[in-house]
Amino acid sequence: MTPELTLETLIARIAPLDQAAMQLARARQDTLTKPRGALGRLEAISVWLAGVYATERPVITGKAVIVCAGDHGVTVEGISPYPSAVTPAMVANFLAGGAGINAIAQTVGATVTVLDVGVASDLEPHPRLVIAKVRRGTGNLMREAAMTKAEALQALLAGAAAAQTAIENGANLIAPGDMGIGNTTASSALTTWFTKKPVRELVGRGTGASDAMLERKILVIETALERVKPESALEALCEFGGLEIAAMAGAMIGAASARAAVIVDGLIAGAAAMVAVGIAPGVREYLHASHLGRERGHKAQLEFLRLEPLFAFDLALGEGTGAALAMPIFEVAARTLTQMATFDGAGVPDKT
């Protein structure tokens with residue numbers, strides 16, 4: 001991404017889905033050697049991909065997972081059973097290829113890149129690590145803003161740059177993932193602000209919070225929402241968000257601006273998607289949900305975003321695992337549209 005590129009420039013580049021390409025793809029689906037509609041949602045996904053890529057014959061050219069990492073000051077409030085030291089340790093695990101996202105990505109043929117925008121430790125250089133650290137962890141959202149506007153914009157643009165680098169390297173199916181102890185608290189606060197639902201209906205146990213820890217988590221979020229009343233998605237991101245959530249939102253904006261499809265993972269990605277759509281409404285057309293996760297707030301996020309998940313496997317890991325798991329479905333949807341024969345081409349009578 002060029003240094004002079006701004007958030008406003010990215011937003012201006014987001015075009016509506018190509019309706020003409022979608023119409024042609026839909027018409028082609030009706031000529032393929034199958035009963036009309038027999039491939040169900042695969043047909044709808046193929047038409048959506050045609051609109052994203054602006055071609056009646058969409059092709060998945062490459063698949064990329066961008067794991068955005070950052071620490072959260074709110075962990076001092078006792079909302080997670082794991083310390084912040086887990087964040088850099090897990091980043092090292094991603095880079096060594098030992099995490100869940102690595103196993104799934106390798107299986108589905110996706111690359112994995114880690115973007116450090118806010119890990120509260122110095123990380124060793126690695127070919128698959130992009131260090132774009134904005135600050136060493138956010139502020140404690142219960143008592144202060146998580147980040148300044150300038151910091152939020154920096155993280156947003158870092159995520160957009162990572163997405164555009166992946167696209168330049170051949171990917172057009174992007175899955176933003178997450179790593180950051182405390183990020184379910186930040187995501188739940190954002191989800192509450194966007195949906196206006198009661199905190200208690202949305203907050204889950206994250207990485208395994210005890211009953212007492214869950215009650216503390218609810219109190220922390222309620223206190224944060226009473227502390228300040230943001231008036232925009234960007235303000236809400238500054239007050240309650242994580243740096244990795246900002247980067248994920250930026251990756252979604254950057255991908256949409258370059259006509260790449262985005263798969264939305266679980267709760268953290270859902271919070272990032274709400275932020276991205278709040279900042280740039282045109283992004284929503286470029287999003288597709290992978291799954292319905294275990295965290296309580298995820299369903300509310302998907303309803304707010306008007307996204308229908310493809311499956312529910314009781315996932316709660318994050319990292320982009322659900323999104324990566326869904327990638328073959330998108331590839332199959334594209335290939336059935338482009339590679340199946342038509343009735344005329346195959347010499348098969350069309351009785352419909």
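The charged end of K196 sits over the ring of W193, 4.4 Å from the ring's centre. This comes from a predicted model. W193 itself is buried, with a relative accessible area of 15%.

W193 also has an aromatic partner. The structure holds four aromatic pairs. In one of them, the ring centres of W193 and F194 lie 4.8 Å apart and the planes meet at 85°, so the pair is edge-to-face; the cut-off for that class is over 60 degrees. F194 is buried too, at a relative accessible area of 10%. Ring pairs extend the group: W193, F194 and F304 are linked into a cluster.

Now turn to another pair, F311 and F313. A pair of aromatic rings is described by the distance of the centres and the angle of the planes. Here the centres are 4.7 Å apart, with 35° between the planes, and the pair is tilted. F311 is buried, with a relative accessible area of 13%, whereas F313 is exposed, at 52%.

The last stop is a charged residue, E77. Look for E77 in the loop between β1 (63-70) and α4 (86-96). Its relative accessibility is 10%, so E77 counts as buried, because the limit for that label is under 20%. What surrounds E77? Leaving aside neighbours within four places in sequence, E77 is in contact with N140, M142, R143, R216 and V220. With R143, the side chain of E77 makes a polar contact of 2.7 Å.

Methods:
Residues are numbered from 1 along each chain as its sequence is written. This is a predicted model: local features need pLDDT of at least 70, side-chain atom pairs count only at pLDDT 80 or more; totals for chains, interfaces and linings use all residues. Side-chain values use heavy atoms; hydrogens and water are left out. Rings of Phe, Tyr and Trp (its six-membered ring) pair if their centres lie within 6.5 Å; planes under 30 degrees apart count as stacked, over 60 as edge-to-face and the rest as tilted. Buried means under 20% relative accessible area, exposed over 50%, partly exposed in between (1.4 Å probe, protein chains only). A charge sits over a ring if NZ of Lys or CZ of Arg is within 6 Å of the ring centre and within 35 degrees of the ring normal. Helices (H or I, at least four residues) and strands (E, at least two) are DSSP runs, numbered from the N terminus. A polar contact is a pair of N or O atoms within 3.5 Å; within protein, one must be able to donate a hydrogen and the other to accept it, and residues adjacent in sequence count only if both atoms are side-chain atoms. Contact means heavy atoms within 4.5 Å.
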